[in-house]
Amino acid sequence: MAEATQLDSPASEEKIAIDGFTEEGENLSPFNEGTVQHGAKKHSHGDAPVIPEASRGERLKSYKLDDFAPLNGREEDWRFTPLKRLRGLHNQPLTGAGPAVEVTGAANIQVETVGRDDWRIGSAAIPDDRVSAAAWEAFAEATVVTIPAETIADGDVHISINGVDEAPAAQHLIITAERFSKAVVVLDHHGKTTLAQNVEIVVGDGAELTVVSVQEWDDDAVHTSTQQARIGRNAKFKHVVVSLGGDLVRMTPSSLFTGPGSEVEMYGLYFADAGQHLEQRLLVDHAVPNCKSRVTYKGALQGQDAHTVWVGDVLIRKEAEGTDTYETNRNLLLTDGTRSDSVPNLEIETGLIAGAGHASATGRFDDEHLFYLMARGIDEKTARRLVVRGFLNEVIQQIKVPALEERLTDAVERELAAGNI
Amino acid sequence: MSTLEITDLHVSIETEQGARKQILKGVSLTINTGESHAIMGPNGSGKSTLASTIAGHPRYLVDSGSITLDGEDVLDMSVDERARAGLFLAMQYPVEVPGVTMTNFLRTAKTALDGKAPSLRHWTKDVKEAMSQLRIDADFAQRNVNEGFSGGEKKRVEILQLELFKPRFAILDETDSGLDVDALKVVSEGVNREHNKGGMGTVLITHYTRILRYIKPDFVHVFVDGRIAEQGGPELADRLEAEGYDRFLTNSPAPAGSPAGA
């Protein structure tokens with residue numbers, strides 16, 4: 001019965017479902033009862049039991065805040081997040097002025113500030129969680145950065161996002177790399193804030209875009225950021241998350257392939273100190289054939305109650321034949337009292353793929369590494385730093401923006417020094 | 001001349017069940033710079049335990065006895081202090097250290113051992129030369145320490161470090177295991193080059209006699225069940241090659257051997 005329902009109602013925007021992928025991975029017959037936002041109505045009452053999604057592809061997406069139930073912390077996508085520390089982002093009006101946005105760097109690009117009714121709003125993203133939807137409803141104006149078609153940006157695009165107060169605020173950014181353009185865009189977050197942010201990223205056909213989002217907030221900042229990329233045909237997109245500063249930083253980047261022949265690389269580096277909560281939840285949505293994705297996130301943790309979360313969802317839809325994907329997450333626990341959650345999820349709807357895999361490892365600083373280095377005369381502190389630096393450099397080296405690499409290397413050194421490691 | 005002196009050493013490990021298991025049951029050994037000692041014995045006799053204990057691996061617990069280097073208490077030193085005092089352990093299973101390039105590692109270690117950074121020009125030349133003598137590809141310098149190296153490559157890299165760091169005492173823990181004949185020659189030549197300079201005492205730990213065709217020991221000690229069962233000159237190695245360890249094993253517990261040779 002469920003099968004018939006599914007087949008008779010072709011996928012609408014909200015309802016591109018991966019059918020019947022069970023834990024055993026064997027039941028590939030469709031079984032999508034309640035696919036249409038399983039209980040969106042129930043959710044609006046807020047007290048309904050949490051119904052697990054059968055697939056990541058079924059998650060509710062909506063521009064309307066009211067379509068999402070108030071959060072209680074038991075939701076699959078919020079279960080690791082300490083809601084109390086969101087400082088109202090999930091249940092207060094987002095009326096603060098928010099951090100100032102300043103775009104510098106490349107001269108041959110277009111920078112605009114536009115109102116809510118601009119035609120480009122919504123060109124890449126639909127909120128898929130309550131805080132993102134709240135931000136969507138609340139933002140007053142958006143910053144739009146456009147790299148015109150067939151243009152190679154004549155320098156890195158630097159978007160400085162500087163917060164000065166803690167009033168809960170919403171922010172909206174759109175980065176568009178038009179067809180056959182090429183650019184590196186750095187989102188540089190600093191200062192103090194309580195911010196819910198949506199970043200829409202459009203990667204046009206044949207474009208090559210790198211977006212680096214650096215979170216070097218003050219210690220008490222709270223920041224959630226949904227960064228959704230919509231990737232055209234034969235395009236290359238590189239996304240890098242670097243989370244170092246802030247009390248609670250929750251990044252939800254996603255890449256949606258909409259044309260064949262494209263490549264996505266998603267990198268992440270995070271370094272959590274005592275009490276910090278750094279969370280990253282990714283989605284790579286292989287919705288079309290012959291695309292390639294690589295995800296590499298690495299994190300280090302030090303100090304009491306340093307907590308990191310990495311959830312990596314990869315969806316290979318039925319249409320996505322020839323997909324090649326691999327995601328990996330590594331965490332290094334440098335001291336006692338830290339906690340790292342790492343959850344890779346791979347849903348495969350077609351057997352006709354080039355490759356799909358994932359790896360996750362969370363380890364303590366390895367005593368055998370330490371012994372080896374110390375047996376060569378290197379003192380314990382230097383040995384530890386050598387290993388941590390090396391561990392994180394593997395990600396830093398992939399950014400390939402020299403000025404930023406240097407800055408991040410220095411930032412890692414400061415983290416190491418602060419942790420007395 | 002320097003002297004590494006091991007006196008009545010008793011060492012145990014903690015088993016996974018939490019019990020203590022005695023491995024070395026009273027080992028005495030004196031090694032002078034310029035001398036070459038081979039420690040031989042069947043598996044499980046405690047040879048590698050002695051090597052790791054000298055280097056200070058935390059797994060090995062010293063119950064009694066002493067290790068001194070020119071009278072200084074080695075057991076009182078941390079692992080890195082021992083290395084800086086001139087002790088070098090070529091490991092049986094060198095670990096991979098992800099994210100740390102060989103170049104970075106070698107320079108950091110050399111700086112730590114000498115107390116100052118090596119002159120860049122000479123150092124680069126020394127490294128290149130030593131690598132080429134050990135037939136290590138130049139691109140290894142940019143690879144992470146031991147990462148993806150074959151067993152033989154790892155052993156060569158251990159000897160590369162021996163040649164670059166110039167220790168007073170080198171303990172080679174089954175450096176010959178896993179090497180084919182060509183690699184064994186290359187590695188042995190490296191050890192001999194350093195040893196023949198005269199400033200180094202060499203302790204060669206091995207299960208087999210074949211490496212002794214290339215590295216000639218002045219003294220041979222046979223370990224059985226945590227003790228030195230017999231010791232003598234190079235002729236003892238020849239005898240072991242002909243007879244194997246059987247006569248020690250069938251007679252076990254072995255006699256304590258003649259301490260006069262130590």
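Contact here means heavy atoms within 4.5 Å. By that rule, 18 residues of chain A are in contact with 31 residues of chain B. The model is predicted: local features need pLDDT of at least 70 and side-chain atom pairs pLDDT 80 or more, while totals for chains, interfaces and linings use all residues. Residues are numbered from 1 along each chain as its sequence is written, and side-chain values use heavy atoms, without hydrogens and water.

**Interface area**
- Chains A and B bury about 1,900 Å² between them, 71% of it on carbon and sulfur atoms; this is the accessible area (1.4 Å probe) that two parts lose on being put together, summed over both.
- On the chain A side, Phe371(A), Tyr372(A) and Arg376(A) lose the most area to chain B, together 41% of what that side buries.

- Arg376(A) forms a salt bridge with Glu158(B), with the closest N and O atoms 2.6 Å apart.

**Strand E16 of chain A**
- Strands are DSSP runs of at least two residues, numbered from the N terminus.
- Seven of the 10 residues of E16(A) (324-333) are buried, so the strand is largely enclosed by the rest of the structure; buried means under 20% relative accessible area (1.4 Å probe, protein chains only).
- E16(A) pairs in the parallel sense with E14(A) (292-301) over 10 bridges, and Arg330(A) is the bridge partner of Lys298(A). Pairing requires at least two DSSP bridges between two strands.
- E16(A) also pairs in the parallel sense with E18(A) (355-364), over 10 bridges; here Asn329(A) stands opposite Ser360(A).

Key
Chains lettered and ligands numbered in written order. Salt bridge = Lys/Arg side-chain N within 4 Å of Asp/Glu carboxyl O. Buried < 20%, exposed > 50% of the residue type's maximum accessible area, 1.4 Å probe, protein only. Helix = DSSP H or I, 4+ residues; strand = E, 2+ residues; numbered from the N terminus.
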